[in-house]
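This report walks through one protein chain for a reader who has not seen it before. Please look over the sequence and the structure first, then read on.

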Amino acid sequence: MKKIWSLLIGLALLPLLASCDSEFTKPTASGRPYEMMVVIGDSLWQRPAGRALFDVLDTDIPGLPQPERSFRISQTDPSRFNQILNIFRNIILVDINKKEYTQSKMRFVRDEFARSQFILRIQSPSEEEFRKYVSEHSQQIIDFFVRVEMNRLIKQLKEKHSVLVADMARDMFQCELLVPEEIQSYK
C-alpha cells in the first residue's frame, strides 16, 4: 500500500516538476573566472564592429605592476552556439538587424541557460551603430562583468573560507577577513 501511495504522489507531482523551469532543472554555469564567450558571426567578428567589441574586452587590468588581460575571450558563430556552449558563465550575444531594431541597446540577463550565468545582449540596427555604441559604453560593459566576477568570488568565500585566518583577523584587528581555505601560512 505504501508503494502505491508513493507512486501516486510521484505521478501527481510529475507534471508540476516537468513544466517548471526551476533552478533545479538548469545546469550550473561553466568556465573559469573572467572567461567570456562572445556569440557573433565569424565574418562580423573580423570587421570593425567585431574588433570594437574585442578591443573593449581585451584591456589590461588597471593597477597591476605588469600588463594582464581583464578577460579570456572566446568567440563562436551563432550557428555553433548550442547546449554545450550556452552554459558559459559570461556570454555576450550580438544581434545586428536593421529590420528589428531602430537603435542600439544592451540588456543583462541572469540565469537564462544555466545557474550563476550572466548574459549581455547587445542589439543594434547596423554594424556602424554597434561599433559606436560599444565604444561609448565600453566602461559600463567591463565594469558589469568585473562586478559579476567579484560577487561570485565573495559568495564563494562566504561559503568556503579559512576559519582559522578569519578568527585571527577578528581577534587581532576586529575586522572580517575571508581568505581561501588553501592559504595555510600567515604572519
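## The sheet and its strands

Strand E3 (residues 90-96) is paired with strand E5 in the parallel sense, over seven bridges. The structure discussed here is a predicted model. Within this pair, Asn90 is placed opposite Phe118 in E5, and Ile91 is placed opposite Ile119 in E5. E5 also pairs with strand E4 (residues 105-110), here in the antiparallel sense and over six bridges. In that pairing, Lys105 faces Gln123 as the residue opposite in E5.

The table lists these opposite residues.

| Residue | Residue opposite in E5 |
|---|---|
| Asn90 | Phe118 |
| Ile91 | Ile119 |
| Lys105 | Gln123 |

Five strands make up an open sheet with mixed pairing, and their order is E2-E1-E3-E5-E4. Its edge strands are E2 (72-76) and E4, each of which pairs on one side only. On average, neighbouring strands of the sheet are turned by 20° against each other, direction ignored.

Is strand E5 enclosed by the rest of the structure or open to the outside? Seven of the seven residues of E5 (residues 118-124) are buried, so the strand is largely enclosed by the rest of the structure. Both of its faces are covered.

Helix H4 (residues 127-136) has Phe130, Tyr133 and Val134 as buried residues. They span an arc of only 95° around the axis, which puts them on the same side of H4. A general point about helices applies here: an α-helix has 3.6 residues a turn, so residues three or four places apart point the same way. The buried residues of H4 pack against helix H3 (48-57), E3, E4, E5 and helix H5 (138-159).

H4 lies across E3, E4 and E5, and runs at about 130° to E5. H5 packs on the sheet as well, where it touches strand E1 (35-39), E3, E4 and E5, and its direction makes about 165° with that of E5.

In H3 the buried residues are Ala49, Gly50, Ala52, Leu53, Val56 and Leu57. Viewed down the axis of H3, they fall within an arc of 155°, so they line one face of the helix. Their packing partners are E1, helix H2 (42-46), E2, E3, H4 and H5.

How do H3 and H4 lie against each other, and at what angle do they pack? The two helices pack at an angle of about 15°, and their axes are 8 Å apart. An angle under 35 degrees counts as roughly parallel, and H3 and H4 are therefore roughly parallel to each other. H3 passes H4 in a left-handed crossing. On the H3 side the contact is made by Pro48, Ala49, Ala52, Leu53 and Val56, and on the H4 side by Glu127, Phe130, Arg131, Val134 and Ser135.

## Two residues in their surroundings

Ile141 belongs to helix H5. With a relative accessibility of 1%, Ile141 counts as buried, because buried means under 20%. Leaving aside residues up to four places away in sequence, Ile141 touches Val56, Leu57, Met106, Leu120, Ile122 and Val134. Leu120 is 21 residues from Ile141 along the chain, and the C-alpha atoms of the two are separated by 8.4 Å.

Thr25 is located in the loop between helix H1 (2-19) and E1. At 46% relative accessibility, Thr25 counts as partly exposed. Thr25 and Arg115 are 90 residues apart in sequence, while their C-alpha atoms are 9.4 Å apart in space.

## The chain as a whole

The chain contains six helices and five strands. Along the sequence these follow the pattern α-β-α-α-β-β-β-β-α-α-α. Of the 187 residues in the chain, 33% are buried. Among contacts between residues at least 6 apart in sequence, 65% join residues at least 24 apart.

Conventions. Residues numbered from 1 in each chain as written. Predicted model: local features only at pLDDT ≥ 70, side-chain atom pairs only at ≥ 80, totals over all residues. Heavy atoms only, no water. Buried < 20%, exposed > 50% of the residue type's maximum accessible area, 1.4 Å probe, protein only. Helix = DSSP H or I, 4+ residues; strand = E, 2+ residues; numbered from the N terminus. Pairing = 2+ DSSP bridges. Arc of directions from axis to C-beta. Contact = heavy atoms within 4.5 Å. Axes fitted to C-alpha atoms, helices over the stretch in contact; angles between N-to-C directions. Parallel < 35°, antiparallel > 145°, perpendicular 65-115°, else oblique. Left-handed = near helix turned anticlockwise from the far one by under 90°.
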